[in-house]
Amino acid sequence: MGFYVLRRLLQMVPVFLGTTFLIYAMVWAVPGDPFAGKCGERDCPETYIAMMREKFNLDDPLLVQYGKYLWMLVRGDFGVTSSGLSVGDQIATAFPVTLRLALVALLVEAVIGITAGVVSGLRNRGFLDTLVLVSTLFLISVPVFVTGYVVQLVFGLQLGLISPTVTSPTFGNLVVPGFVLASLSMAYVARLARAGIAENRRADYVRTALAKGLPTKRVVGVHLLRNSLIPVITFLGTDLGAFLGGAIVTEGIFNVPGVGGLVFRSILAKDGAMVTGVVTILVLVYLLMTLLVDLLYAVLDPRIRYD
């Protein structure tokens, strides 16, 4: 197992270099000068543009620019924005909020989605199965921003059951935005879990366990569920990164001060340093989550060994 983890970590290095280079190139190598429009309605002075280009190494070849940026990353320095703010400090303030929101969404997605999928798979073609299929189809058909606005309007403004905006980004206050963020993925998790349960319940090892007289709860919880959750775990692992990077709409609806709003404002302001820094963090999260998912395979399925 240790050799496998080391090998996977070494494999992540070229992936990280390739993805961050593409991100850097797409942000900084686009046509036009990113600092020409920073002075409002009037044109920026040539001295200001030259100073900013020198500050961000834009007069160097692209590979040299990326090399200098990578050296800063190795030292833990994400650089500064065009207005002089530290990118690392901005991310350190906003990222924990989005991480809490993503973890709440992941928990909601896993608990509700897996429970609905297991119930639906065990009650194949029954009323509960039909209810789950219809409900998940509805959630898949409705965009997340529509779900967010409906939840905010009905339960927040009309019924007063929830706060329409997040006043303090604690775990408790992020439950409703987390449910909205997880609504689409929750439907996919339920369908994946249902398909796995419905397929594996007819497997030989399940029939053997039942024939040996094992309780149904043990057969479902230990044998059937563990083997059916492998595709679900894969989806959940990659979904955490998607939640971190795709929470812009949800954070905007509920006024959550997270990474989504930070990236959105940075894109509007054409602040490449901030966009590059945030996306670099998301790349690291994706890489670590894929490693964790692979390690969980061996925990769920004893037939999988990493020797």
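Which pattern does the chain follow when read along the sequence? In this predicted model, the chain follows the pattern α-α-α-α-α-α-α-α-α-α-α-α-α, with 13 helices and zero strands, where helices (H or I, at least four residues) and strands (E, at least two) are DSSP runs numbered from the N terminus. Local features need pLDDT of at least 70 and side-chain atom pairs count only at pLDDT 80 or more, while totals for chains, interfaces and linings use all residues. Residues are numbered from 1 along each chain as its sequence is written, and side-chain values use heavy atoms, leaving out hydrogens and water.

**Whole chain**
- The C-alpha atoms fill a box of roughly 80 × 55 × 30 Å, taken along the principal axes.
- Of the 307 residues in the chain, 41% are buried, a term for under 20% relative accessible area, with exposed meaning over 50% and partly exposed in between (1.4 Å probe, protein chains only).

**Asp-239**
- Asp-239 lies in helix H10, which covers residues 230-245.
- Although Asp-239 is buried, it has no salt bridge (a side-chain nitrogen of Lys or Arg within 4 Å of a carboxyl oxygen of Asp or Glu), and the nearest side chain of opposite charge, Arg-191, is 14 Å away; Lys and Arg count as positive and Asp and Glu as negative, with His and the chain ends not counted.
- Not counting residues up to four places away in sequence, Asp-239 touches Glu-109 and Ser-185, contact meaning heavy atoms within 4.5 Å.

**Phe-145**
- Phe-145 has its place in helix H6 and is partly exposed, with a relative accessible area of 42%.
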